[in-house]
Amino acid sequence: MSSPRSRWVALLGDLHFWIPLGVFVAGVALLAWLP
Amino acid sequence: MDAARLRRLQALGVLSGVTAGAWLGAAEAPTKLVTLGIPPVAISFVMVMGVFLARWSLPALLRGTAGVRADLARTPHLVVWALLAGGLWAVANTLTVYAIRDVGLAIAFPLWNANGLLGIVWGALLFGELRGAGRLRWVGVCGGALVLFAGAVVLALASVEEAPRANALRGVTAALGAGLLWGTMYIPYRKAYISGMHPLSFLAFFTIGEVATMSTLAWAQLGGVAGVWSTLVAAKGVAFWLLLGGFVWVIGDLFQQYAAKYVGIGRGIPLSNTNQLWGLLWGVFVFGELADAEAGVLARVVAGSLLMAAGALAIALASAPLREHQHWEAAALREARRYGLDEAWVLARLAGHDPDAEHATKRSVLDWALVATATAAFVGAALLAEAPALAFRTDAALALTLASAALLVWCALSLWRTTRFG
């Protein structure tokens, strides 16, 4: 099993993380724009 | 994995997707009983409370929270994806409220239901779905999803006759935004299941993300803690129906998780999007919608329903061959190497086996406390419940409930026999 640190480093380089996070942020921004 | 096992799992995934559609559609029924005057965010918030209670008590009953702890020890990084998925769901659900307000359900529903098409794209781009599947299966899945989408459009246009609304651009943007968020939410689903996480464990953390995000939105829109509390007190008469809606929704969503696991998000999500068909059945036969509809409207309803059924059948028949499944296994092994997971454990979980099954048979005091708390909350809400303001046909409601229950029993037995709910 990899070390905890390497696991979280791998997460930060994972497109499967950044795509949903980016869409979530965009969704929150859209909600803020909708009166 | 041998071909026979793969065929069984594929059939199981298809059955799970269809069952998910039935229960996700039925979840709309209790919310229809809610009278007007309650802020939409409050409706969503109470329903999410029902979802939270169900997502912790059902796993405690079926598998025990020891199983959740075992999964957490093996794949702690997946908690991030589960929380993200819950947050995406909550924001998308809130966007649908604005979409319905601005353009109406007829326009909004098919737009956000396009999330199934996005699921196919993410599945193919990120997880090896449809790779090596052959042209016929590509046509079956993509064509089936497009036919399903066309049926959804026809059904939606026939279901609601509404005058043009102002702020159409805003409403369409909100509906498409909901579709984008829900469609992208399936990335964490697939990520979790090719990494070996158990669906019940994924949902346990998913709901924390849901509640946290929904609570933040409710706090922001209803005027802080005091505003949320006063809204909840005002809604106490209908809380039971909303909690029930949330509970029914969780059952449907659980089957959707199994569909995503065993046939992938490219097939599983479009199949569970047949919830629109079931929602229509509840609306027409139980709540008398379209009772005075013209022949033309009814013809569109029948045509839309047949299109949706045809699309779902095309997808159901386009099961993944061994060659495609090898690409799924390759994607799973990539995750195992990236995150230092036991490769044999990951592949076993993907094949529907549960190497940690010994943890699943133990029930602790915590498990029974969770079940007792959820039961008490439902009983308490039921004691405060007001009789629904809408008239509905109990014979039709009973028939649809029995049909949904029959699907549940069939699918649950199949899941138990084939995977022990793994």
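This is a predicted model: local features need pLDDT of at least 70, side-chain atom pairs count only at pLDDT 80 or more; totals for chains, interfaces and linings use all residues.
The crossing of H5(B) and H9(B) is left-handed. Every helix and residue I name is in chain B.

Two packed helices are described by the angle between their axes and the distance between the axes. For helix H5, residues 78–103 of chain B, and H9(B), the axes come within 8 Å and cross at roughly 160°. That makes H5(B) roughly antiparallel to H9(B), since an angle over 145 degrees counts as such. By class, the contact of H5(B) with H9(B) has 22 nonpolar, five polar and four charged residues.

Staying with H9(B), one residue to look at is Ala175(B), in this helix of residues 168–194. Is Ala175(B) buried or exposed? Its relative accessibility is 0%, so Ala175(B) counts as buried. Leaving out residues up to four places away in sequence, Ala175(B) touches Ala99(B), Ala108(B), Leu111(B) and Trp112(B). Ala175(B) and Val103(B) are 72 residues apart in sequence, and their C-alpha atoms are 8.9 Å apart in space.

For another pair of positions, take Thr394(B), which lies in helix H20 of chain B. Thr394(B) and Ala310(B) are 84 residues apart in sequence and 29 Å apart in space, again C-alpha to C-alpha. With 56% relative accessibility, Thr394(B) counts as exposed.

Next, H4 and H10. Helix H4 of chain B, residues 65–74, packs with H10(B) at an angle of about 85°, and their axes are 9 Å apart. H4(B) and H10(B) are therefore roughly perpendicular to each other. On the H4(B) side the contact is made by Gly67(B), Val68(B), Asp71(B) and Leu72(B), and on the H10(B) side by Ser201(B), Ala204(B) and Phe205(B). The classes in this contact of H4(B) with H10(B) are four nonpolar, two polar and one charged.

Helix H12 of chain B, residues 239–263, and helix H13 of chain B, residues 265–272, pack at about 150° with their axes 7 Å apart. H12(B) and H13(B) are therefore roughly antiparallel to each other. H12(B) passes H13(B) in a right-handed crossing. In the contact, Gln256(B), Ala259(B), Ala260(B) and Val263(B) from H12(B) meet Ile265(B), Arg267(B), Gly268(B), Ile269(B) and Ser272(B) from H13(B). The residues of the contact of H12(B) with H13(B) divide into five nonpolar, three polar and one charged.

Glu324(B) is found in helix H16, residues 322–339, of chain B. How accessible is Glu324(B)? At 0% relative accessibility, Glu324(B) counts as buried. What does Glu324(B) touch, residues up to four places away in sequence not counted? The list is Gly128(B), Glu129(B), Leu130(B), Arg131(B), Gly132(B), Ala133(B) and Arg267(B).

Leu130(B), one of those contacts of Glu324(B), has a point of its own. Leu130(B) is in the loop between helix H7, residues 115–127, and helix H8, residues 135–159, of chain B. At 3% relative accessibility, Leu130(B) counts as buried. Most residues other than glycine have a negative phi. Phi of Leu130(B), however, is near 70°, a positive value in a residue other than glycine.

Which way does phi go in Arg420(B), positive or negative? Arg420(B) has a positive phi of about 55°, although it is not a glycine. Arg420(B) is found in the segment after helix H20, residues 394–419, of chain B.

To go back over the packing: H5(B) is roughly antiparallel to H9(B), H4(B) and H10(B) are roughly perpendicular to each other, and H12(B) and H13(B) are roughly antiparallel to each other. That is what I have.

How values were computed:
Residues are numbered from 1 along each chain as its sequence is written. Chains are lettered from A and ligands numbered from 1 in the order in which they are written. Side-chain values use heavy atoms; hydrogens and water are left out. Axes are lines fitted to C-alpha atoms, for helices over the stretch in contact, and angles run from 0 to 180 degrees between N-to-C directions. Helices (H or I, at least four residues) and strands (E, at least two) are DSSP runs, numbered from the N terminus. Angles under 35 degrees count as roughly parallel, over 145 as roughly antiparallel, 65 to 115 as roughly perpendicular and the rest as oblique. A crossing is left-handed if the near helix is turned anticlockwise from the far one by less than a right angle, and right-handed if clockwise. Contact means heavy atoms within 4.5 Å. Ala, Val, Leu, Ile, Met, Phe, Trp, Tyr, Cys and Pro count as nonpolar, Asp, Glu, Lys and Arg as charged, and the others, Gly among them, as polar. Buried means under 20% relative accessible area, exposed over 50%, partly exposed in between (1.4 Å probe, protein chains only).
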